[in-house]
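Biologist: I have the sequence and the fold on screen. Can you walk me through them?

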Amino acid sequence: MPGDPVASLVARTGGVSSDGTAALVKYYNELFGLNKSLPEQFINFWASLLQGDLGRSVFGHGRPVTEQIMGAVPFTLALLIPAILLSWWAGNSFGALAARRKWLDNTVLPVGYILTATPYMWLGLVFAFVLGFTFKIFPLSGGYGYNLEPSLTWRFFTDLVAHWIMPFLSLFVVMFGGWAIGMRNMIIYELESDYSRYLEALGAPQGLVRKYAFRNAMLPQITGLALQLGVIVAGSLVTEIVFSYPGVGQLLFNAIKSSDYFLLQGIFLFIIVGVLLANFIVDIVYIIVDPRTRVGMRGGTA
Amino acid sequence: MTSGLTADTKMESVSGSPDKDAAILPAKKASGEFLYFALRSKKFLVALGILFVLIVIAVFGPIVDATDPLAQTGIPIQPPTADAGNWFGTTYFGEDVFAQFANGLRATFFVGLLGGGLAALIGMAVGFTAGYRGGWIDEILNMLTNVVLVIPTLAVLIVITSYLKARGVFFEAIFVGITSWPWAARAIRAQTFSLRSRDFVDLAKLSGRGTWRIIVQEIAPNMSSYLFMTFILLFGGAILIAASLDFIGLGPTGGMSLGLMMFNAVTWAALNLGIWWWFIPPGIGIMATVGALYVMNVGLDEIFNPKLRDI
């Protein structure tokens with residue numbers, strides 16, 4: 001790949017004599033292991049990867065990549081996990097409620113489609129402008145106030161929450177629309193199916209029929225969650241950039257800007273492993289929720 | 001809310017009895033029936049109206065107002081005014097926001113059409129072949145689909161970006177197209193699979209027609225509505241993906257797009273300076289375009305699928 005990260009790093013240091021520059025270039029080349037031949041570098045990469053070492057970051061002035069990613073991951077997870085779980089729960093309940101109810105459905109459907117069509121970063125910008133800039137309810141950027149040190153005090157905690165709310169909301173709202181629509185469509189489909197009609201014919205109350213339909217409609221939504229994970233992660237990356245939230249997205253953005261290939265490689269590895277792991281968890285949840293898969297795994301037919 | 005609907009159709013939509021609709025179907029041909037329902041579907045008509053307005057802005061905006069979107073044409077940071085000139089306001093650098101918006105909208109439709117179209121073509125080619133031929137061809141194409149599905153698109157793009165210093169909207173559209181087809185291929189494969197053992201396909205085989213002629217003449221027409229809706233979803237998806245790429249700084253260089261407008265606005269602290277007219281229009285443009293496409297898709301679903309009609 002073209003581009004010399006060391007040159008850009010040295011250029012950023014600035015104000016050094018030409019001798020000093022040469023010494024710096026030599027120092028950094030040794031630090032990053034760039035003075036070795038390419039095959040050697042490749043072997044070194046795998047050797048250190050197996051020891052959990054992802055190399056050093058150019059953007060972080062030579063700090064280890066793992067340290068930087070680990071510093072960013074808690075912020076991203078604190079954003080993603082509540083946003084995914086809450087929006088999934090709220091969207092599904094709301095979508096199920098709206099299906100086949102004329103008035104609710106006519107409002108939920110357009111609103112839901114508009115929300116899913118909204119780019120994550122734009123909703124973030126709108127929130128930041130309205131709540132952060134105009135009304136000054138929440139701070140505009142960062143993970144916590146610049147005047148605070150991370151500590152276990154009440155003040156730091158409230159500050160953390162205040163910075164967290166807006167990025168969380170913009171993720172939550174966009175995802176909510178998608179889940180609500182998906183659930184609404186699934187419930188309508190399930191209410192058309194034979195078992196629902198049979199229950200209705202038997203004179204079962206509407207509530208009971210809907211309860212059965214809901215349980216069946218849940219399953220595709222769980223699969224949908226697994227399929228959507230990649231998109232959701234991408235959404236959280238751009239949202240973090242809007243709010244300068246110190247998560248993985250912001251780190252990725254900085255890595256791109258300063259062509260920090262070590263950091264980029266580390267972040268990609270991390271995101272891919274994370275998404276695969278999350279997929280695995282969703283698969284396990286699916287087995288717990290759907291008894292048919294358990295029967296199928298034991299070799300029976302459902 | 002809906003213009004262009006007569007009182008007559010509104011009454012029908014309120015009473016909503018399917019038997020009555022069936023009774024007054026004017027044409028026996030399927031296309032006539034679809035047109036009949038299309039003209040009575042609020043969702044379809046509203047979405048079509050919104051898209052029409054946006055397309056007019058995208059096509060004629062840059063012609064009527066030929067301002068260069070990247071040239072300083074006014075006083076920097078001017079809010080939208082009613083006077084002629086910069087009626088969407090100006091950016092931090094005195095660029096005309098409307099010129100950027102109109103050109104960006106054009107790029108957005110271009111990316112959607114080319115990227116979504118390319119993805120639809122690849123998805124159809126792979127889906128039809130895999131679904132119709134089956135066997136080892138199916139296995140290989142399935143594997144290819146899964147590989148493209150898990151490739152971290154962003155990583156590939158960053159590597160390409162570092163090689164290609166000048167990138168246009170065209171490159172972006174092609175890139176989005178060749179990375180976003182897998183789900184479409186899967187869906188089309190599943191549909192083809194269910195069609196290929198029908199009697200009319202067997203008959204076509206018996207009459208000695210070639211594989212491609214059977215696919216094009218027998219299988220594709222039987223799922224044409226499905227293919228069209230797949231294209232619409234890919235269209236909207238391509239627009240959203242392109243906007244995200246632009247926003248992290250991997251967008252076109254030297255051109256203008258709606259995502260790039262937001263990227264510039266954030267980069268030059270539009271939030272802290274309160275220049276809302278810089279980032280609100282591009283977001284509304286994307287939201288309206290993609291939202292209208294999605295709603296149109298639902299409308300079409302109801303038009304093509306009699307079970308879903310409640311008109």
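Biologist: In chain A, what share of the contacts with a separation of 6 or more joins residues 24 or more positions apart?
Modeller: This is a predicted model, where local features need pLDDT of at least 70, side-chain atom pairs count only at pLDDT 80 or more, and totals for chains, interfaces and linings use all residues. Residues are numbered from 1 along each chain as its sequence is written, with chains lettered from A and ligands numbered from 1 in the order written. A contact means C-beta atoms, placed from the backbone, within 7 Å. For chain A the share is 69%.

Biologist: How many helices does chain A have?
Modeller: Helices (H or I, at least four residues) and strands (E, at least two) are DSSP runs, numbered from the N terminus. Chain A has zero strands. Its helix count is 12.

Biologist: Which helix of chain A gives the largest share of the side that touches chain B?
Modeller: 29 residues of chain A contact 28 of chain B. Several helices each supply at least two residues of that side of chain A, including α9 (206–243) and α11 (261–289). The largest share, six residues, is from α6(A).

Biologist: At what angle do helix α5 and helix α6 of chain B pack?
Modeller: Axes are lines fitted to C-alpha atoms, for helices over the stretch in contact, and angles run from 0 to 180 degrees between N-to-C directions. Residues of α5(B) that meet α6(B) include B:Val126 and B:Arg133. The axes of α5 (residues 97–133) and α6 (residues 135–150) lie 7 Å apart. The angle is about 145°.

Conventions
Two residues are in contact if their C-beta atoms, placed from the backbone, lie within 7 Å.
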